[in-house]
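Subject: Structure handover

Hello,

My notes on it follow below.

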Amino acid sequence: MNLVLMGPPGAGKGTQGEILSKRLDINTISTGVMLRTAIKEQSEIGKIAEKYINDGKLVPDDVIVSIVKERLQKPDCAKGFILDGFPRTTAQAEALTESGVKIDKVLSLEVADEAIIERLSSRRECSKCGAPYNIISNKPETEGICDKCKGELIQRADDVPETIKNRLNVYHEQTEPIKAYYEKLGLLVTAKGEDKLEDTTSNVAKALGLEV
Ligand code: AMP
């Protein structure tokens, strides 16, 4: 299955992406993780992306589209993939369609803004592998340590109140219109993402027509 996961920042795309990856045995491709890795490595793309990310703005379409196109050519994507955080603008969605990559479903995780602000302040991620955690709702086995790779858990630089507000505005203005684009193509499904993790996981499975 070739799947796009969308939703506001902190909706649970990373967490649901991981769960679906295991279940469907396909990789999640997170543009946010790719960009943060590029920043850590201080590559050319990392240097361009850093300022945008820290201001809560979107990285320019041409930069992100070329990264994703290249990534989708890799052999592991042939059996399917989950895109987390791409597309985020109508121009990116159109570029994806025009690239000839077939998308089977676009799942939008629905969470209200008030819940997002609370959630992002307790979010953590692995500094090594990018795995998502939440110190209230999705704790690691050992505090501060990634279950998978034993990397240190950190708070993202863009999970601070002022940047969160910008990211939510950007979501509503630039990303939400994509829902109408995919609805017209008959690909959009939605799932409520505000409840407990297990409930969201079963909402997602139902929306995708998987066994709950
Ligand atoms: P995420 O981890 O998905 O929340 O992404 C973190 C940040 O990376 C976003 O706030 C953007 O600045 C940047 N980013 C990630 N994906 C994209 C994209 N598809 N287009 C533009 N910027 C992106």
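Ligand first. Of the 16 residues around the ligand, T31, R36, K57, G85 and R88 come nearest. A residue counts as near when one of its heavy atoms lies within 4 Å of the molecule or strand in question.

Before the details, the ground rules. This is a predicted model, where local features need pLDDT of at least 70 and side-chain atom pairs count only at pLDDT 80 or more, while totals for chains, interfaces and linings use all residues. Residues are numbered from 1 along each chain as its sequence is written, and side-chain values use heavy atoms, with hydrogens and water left out.

- R36 puts a polar side-chain atom 2.9 Å from an oxygen atom of the ligand.
- V59 has a polar backbone atom 3.0 Å from a nitrogen atom of the ligand.
- Q92 has a side-chain N or O atom 2.9 Å from a nitrogen atom of the ligand.

Next, the cysteines. UniProt, in an unreviewed entry, places the feature "binding site" at C126, C129, C146 and C149. These four span 24 residues in sequence, yet no two of their C-alpha atoms are more than 8.5 Å apart, so they gather at one spot. The lining of the second largest pocket includes C126 and C129. UniProt positions are given in the numbering used here, feature names are shortened, and annotations may be inferred rather than shown by experiment. The pocket search runs on a 1 Å grid over the protein atoms alone: a cavity is a set of points where a 1.4 Å probe fits but cannot get out, a pocket is an open set with protein on both sides within 12 Å along at least five of seven lines, and lining residues have an atom within 4 Å of a point.

C126 is found in strand β5 (residues 123–126). Helices (H or I, at least four residues) and strands (E, at least two) are DSSP runs, numbered from the N terminus. C126 is buried, at a relative accessible area of 1%. Buried means under 20% relative accessible area, exposed over 50%, and partly exposed in between (1.4 Å probe, protein chains only). Setting aside residues up to four places away in sequence, C126 touches A131, C146, C149, G151, E152 and L153. Contact here means heavy atoms within 4.5 Å.

C146 sits in the loop between β6 (132–134) and β7 (153–154). C146 is buried too, at 0% relative accessible area. With neighbours within four places left out, the contacts of C146 are C126, C129, A131, Y133, G151 and L153.

R123 also belongs to strand β5. R123 is buried, with a relative accessible area of 18%. The side chain of R123 makes a polar contact of 3.0 Å with the side chain of D159. Beyond four places in sequence, R123 touches G10, Y133, N134, Q155, R156, D159 and R167.

Now the helices. The twelve residues of α4 (residues 61–72) should span 16 Å at 1.5 Å a residue, and the end C-alpha atoms are 16 Å apart, which agrees. That expected span is 1.5 Å times one less than the number of residues. Within α4, V63, I64, V65, I67, V68, R71 and L72 are buried. Their cover includes β2 (27–30), α2 (31–41), α3 (44–54), β3 (81–84) and α5 (90–98).

I116 is in helix α6 (residues 113–121). I116 is buried, with 0% relative accessible area. I116 and G10 are 106 residues apart along the chain, but their C-alpha atoms are separated by 5.8 Å. Leaving aside neighbours within four places, I116 is in contact with P8, P9, G10, A11, V111 and L168.

Last, the backbone. Most residues other than glycine have a negative phi, and most peptide bonds are trans. Some exceptions:
- The peptide bond from F86 to P87 is cis, with omega near -5°; P87 is in the loop between β3 and α5.
- D25 has a positive phi, near 55°, and lies in the loop between α1 (13–24) and β2. D25 is exposed, at 51% relative accessible area.
- K150 has a positive phi, near 65°, in the loop between β6 and β7. K150 is exposed, at 57%.

Best regards

How values were computed: Polar contact = N/O pair within 3.5 Å; in protein donor to acceptor, adjacent residues only side chain to side chain.
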